[in-house]
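Hi,

Here is the structure I promised to pass on.

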Amino acid sequence: EMYLSGRQVKRRIMFKNPLLNFDRLLVIDQPMPRGPVCDTHEAIHRMGITATPGGRLLVLDGLHPGGTVRELAPDRPGSFWRPDLSFDANRVLFCFKPHDEKSFHLYEMNVDGTGLRQLTDSEYDDIDPIYLPDDHIIFTTTRGNSYVRCGPFIYSYILARCDSDGGNIYLISYNGEPDFVPALLHDGRVIYSRWEYTDKPLWRVQSLWTTNQDGTNTMVFWGNQSVWPDHLSEPRPIPGSSRVMFSGVGHHDWWSGSIGIVDPDRGFNYPHGLTKVTCDLRWPECSIPPEDPAESDDYHASGKYTGYKTPYPLSEEDFLVSARGEGERFRLYLMDVHGNRDLIYDGVHNVLHALPVKPRPVPPRQPDRVVWPGTGKDRKPVEPGVLYSADVYQGVPDLPRGSVKYLRVFQMDHKTYSTWGKTWRHSGPAVSVVQEEGVKRILSVVPVETDGSVYFKVPAGRALHFQLLDEHYRCLQTMRSFTGVMPGERRGCIGCHEPQIGRAHV
């Protein structure tokens, strides 16, 4: 009786927080994915072939386990991933895979349950949509026809944009590996996690990136030279702050996440700007880091948990989060960075991706700088873009001035089929016996001016990779990432290892 009385007092205190100026939540209640292989893998678990029917898209009325639950969709068995709310909180944008269809599609409806309409329809998977301030939609899709290099049956989800009615779908990512779960920052940029292994270990670089609403100016946000955490997933900006909360997951374990925060004002790679919120759990699937700073020095666990997912920050201290106990499903909690938490909703399956049903500020609308080629019969040739650097030596102090004569431009081609047991590794086409390297196609060699500047045109929508060469065309510096441009985009960078750790990639 004493324990329950104490818990009731603590709960009353937590839920009197003035930040809780809402009484409804949008959530999904979704069974775990189940498939023939590794359904905990960061990319496999999101594929249509592992989707488990029985999911529910719900509005919870009342921030307590006894709240009223209203099911928005579906009218038939199926599966969901992350939904979104319009800025005025009147409409719901979501992805759904009917159990008797091959793939996820995008849908929209009113939050009161009326006006359901289907936006996309194909054999490709379209998932995790978000509203943009200019009435477009960004989502991830398998329409790029690329596969994960180390898993030839795993389709890669990459960023795409469409009109509000689902028309004019354009790919705005040049990645061959997956992009994950985009969200909007306060300044209007789109933040997401990106998997890449261009001249890197294939399982340890899934960092945070940003792109403009039209796909231009894609750049690293945090962690492209870091191995702790393994994968910074499901990023959300903290209100009134430049910091971003995320769930740190493992390459092969999406569900054992630990919540962290990154502050790009304090640095762009581990350990600078990184703190851990849920100090009771280590970052999954990577070694114990030499430094593991806590967000709060007085953190306490308040129970034994095996995974934290889909955080939604309400302030610098308070957030909604889905948490799982040992052998249990994910439940929805109100939590703070000190470890205090109280249950909001325990669903039938796993309660994930909670969003307060209330209006929110509209981020700035960014200008559209892309020369869109058109679609269908009106399609025009894709216009190239331009890349330039004022000084390739800047940021590389060991590179003697005058030594660089050329810049070699590669195109990183996607792998699109499997050789399975016919080669040493199981991803085709075979290019090496060392992991699953990309196919580098040399596009050109560009002269570098005596002052270190370089300027050149490049094809749009391609993953590009560069090397600096001496007079004998020998490599002096290699880029261990990739970049690209949208049609008609012009962009530059500062040197080949600029002070902001590759903010423009080169």
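How many bridges join β23 to strand β24? Six, and the two strands run antiparallel. Before the rest, some ground rules: this is a predicted model, where local features need pLDDT of at least 70, side-chain atom pairs count only at pLDDT 80 or more, and totals for chains, interfaces and linings use all residues. Residues are numbered from 1 along each chain as its sequence is written, and side-chain values use heavy atoms, with hydrogens and water left out.

Strands here are DSSP runs of E, at least two residues long, numbered from the N terminus, and two of them pair if DSSP finds at least two bridges between them. A hairpin of four residues links β23 to β24, and lysine 309 sits opposite serine 322 in β24. β23 is largely enclosed by the rest of the structure, because eight of its nine residues are buried (under 20% relative accessible area; exposed is over 50%, partly exposed in between, with a 1.4 Å probe and protein chains only).

Aspartate 298 is in the loop between β22 (274-276) and β23 (305-313). Its relative accessibility is 48%, so aspartate 298 counts as partly exposed. The side chain of aspartate 298 also makes a polar contact with that of serine 296, at 2.3 Å (a pair of N or O atoms within 3.5 Å; within protein, one must be able to donate a hydrogen and the other to accept it, and residues adjacent in sequence count only if both atoms are side-chain atoms).

Then there's arginine 194, in strand β16 (residues 190-195). Arginine 194 is buried, at 2% relative accessible area.

Cheers
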